[in-house]
Amino acid sequence: MTYLPPHFDETDRATLHALVQAHPLGTWVVQHQGELLVNQIPFLLDAERGEHGTLVGHVARANPVWQVLASGAPSVVVFTGPQAYVSPNWYPSKHAHGKAVPTWNYATVHAHGVPQVFDDPARVLELVTRLTQRHEAAQAQPWQVSDAPADYLQSMLKAIVGIEIPVRRWVGKFKLSQNRPQSDRLGVAAGLIGQTTPQATAMAALVQAEPKAAGKS
């Protein structure tokens, strides 16, 4: 269960998918026998597969998490986008009446679903090929799976297990100062831009683009 005030609730599917694709390293949490198993996994999103899309990734065969999935355990993958501290000094309203405190802005997407395991060699090879092509694309000379010696590649493939999670429900929480007057939001964006860090700059862009607060004054 996520605490989600209505003004921070993001339901636009394209917006949720865009954050997942831009920040693919998910924190995957699986419930098992009263414990929470937590792993960081880079996922691919097959947006058109299944009613709500399907996440695909892999874990080491030595990782015991895949062995507990046969029980149909529920899980959630948390994808975290831009985040930044917000100073009350950036609010014009603070200078008018002093009624302001610090906060933190962030954008996060939760994907709920029951994970499944696959270890068919052809499917695992197809998965690692897709992952490689996605994340090597920006390199000047992209590495390819076929660059590895065949026998070495086969040994590496045997050491991993594929995971796919048909998404049953998406939850998006985009805390972008929507609860503040428009003048304060403009102050937040300006303050963030002044930090000149990638995270702050990215958050400033989200604050400026957020349509839910457009009518506030």
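Buried means under 20% relative accessible area, exposed means over 50%, and partly exposed lies in between, with a 1.4 Å probe and protein chains only. The model is predicted: local features need pLDDT of at least 70, side-chain atom pairs count only at pLDDT 80 or more, and totals for chains, interfaces and linings use all residues. Residues are numbered from 1 along each chain as its sequence is written, and side-chain values use heavy atoms, with hydrogens and water left out.

**Exercise 1. Classify phenylalanine 43 and phenylalanine 79 as buried or exposed.**

Step 1. Take phenylalanine 43. Its relative accessibility is 2%, so it counts as buried.

Step 2. Take phenylalanine 79. Its relative accessible area is 0%, so this residue is buried too.

**Exercise 2. Describe the aromatic pairs of tryptophan 28 and phenylalanine 43, and of phenylalanine 43 and phenylalanine 79.**

Step 1. Recall the description. A pair of aromatic rings is described by the distance of the centres and the angle of the planes.

Step 2. Rings of Phe, Tyr and Trp (its six-membered ring) pair if their centres lie within 6.5 Å; planes under 30 degrees apart count as stacked, over 60 as edge-to-face and the rest as tilted.

Step 3. Start from the total. The structure holds 3 aromatic pairs. One of them joins tryptophan 28 and phenylalanine 43: 6.5 Å centre to centre, 90 degrees between the planes, edge-to-face.

Step 4. Place the residues. Helices (H or I, at least four residues) and strands (E, at least two) are DSSP runs, numbered from the N terminus. Tryptophan 28 is in strand β2 and phenylalanine 43 in the loop between β3 and β4, so this pair ties together parts 15 residues apart in sequence. Both tryptophan 28 and phenylalanine 43 are buried.

Step 5. Go to the next pair. The ring centres of phenylalanine 43 and phenylalanine 79 are 6.2 Å apart and the planes stand at 75 degrees, so this pair is edge-to-face. It links distant parts of the chain, since phenylalanine 79 belongs to strand β6, 36 residues from phenylalanine 43.

Step 6. Trp28, Phe43 and Phe79 make up one aromatic cluster.

**Exercise 3. Find the strands that pair with β7, and say how many bridges each pairing has.**

Step 1. State the rule. Two strands pair if DSSP finds at least two bridges between them.

Step 2. Look at strand β6 (residues 75-86). β6 and β7 pair in the antiparallel sense over 10 bridges. Phenylalanine 79 has valine 109 of β7 as its bridge partner.

Step 3. Look at strand β9 (residues 160-175). β7 and β9 pair in the antiparallel sense over 8 bridges. Threonine 108 has lysine 173 of β9 as its bridge partner.

Step 4. Check the surroundings. In β7 (residues 103-113), 8 of the 11 residues are buried, so the strand is largely enclosed by the rest of the structure.

**Exercise 4. Work out where the buried residues of helix α1 lie.**

Step 1. List them. Leu16, His17, Leu19 and Val20 are buried in α1 (residues 13-22).

Step 2. Look down the axis. The buried residues fall within an arc of 160 degrees (taken from the directions from the helix axis to the C-beta atoms), so they line one face of the helix.

Step 3. Turn to the other side of α1. Ala14 and Ala22 are exposed there.

Step 4. Name the packing partners. The buried residues of α1 pack against β1 (9-10), β4 (44-46), β5 (54-60), β6, β7 and β9, where contact means heavy atoms within 4.5 Å.

**Exercise 5. Compare glutamine 33 and serine 177: what is the phi of each, and is each buried or exposed?**

Step 1. Take glutamine 33. Its phi is positive, about 50 degrees, although it is not a glycine. Glutamine 33 sits in the loop between β2 (25-32) and β3 (35-42). At 73% relative accessible area, glutamine 33 is exposed.

Step 2. Take serine 177. Its phi is positive, about 65 degrees, and serine 177 is not a glycine either. The loop between β9 and α5 (182-193) holds serine 177. With 2% relative accessibility, serine 177 counts as buried.

**Exercise 6. Which residues does glutamate 210 touch, not counting residues up to four places away in sequence?**

Step 1. Locate glutamate 210. It is in the segment after α6 (198-209).

Step 2. Read its accessibility. Glutamate 210 is buried, at 8% relative accessible area.

Step 3. List the contacts. Glutamate 210 touches Glu10, Leu176, Gln178 and Arg185.
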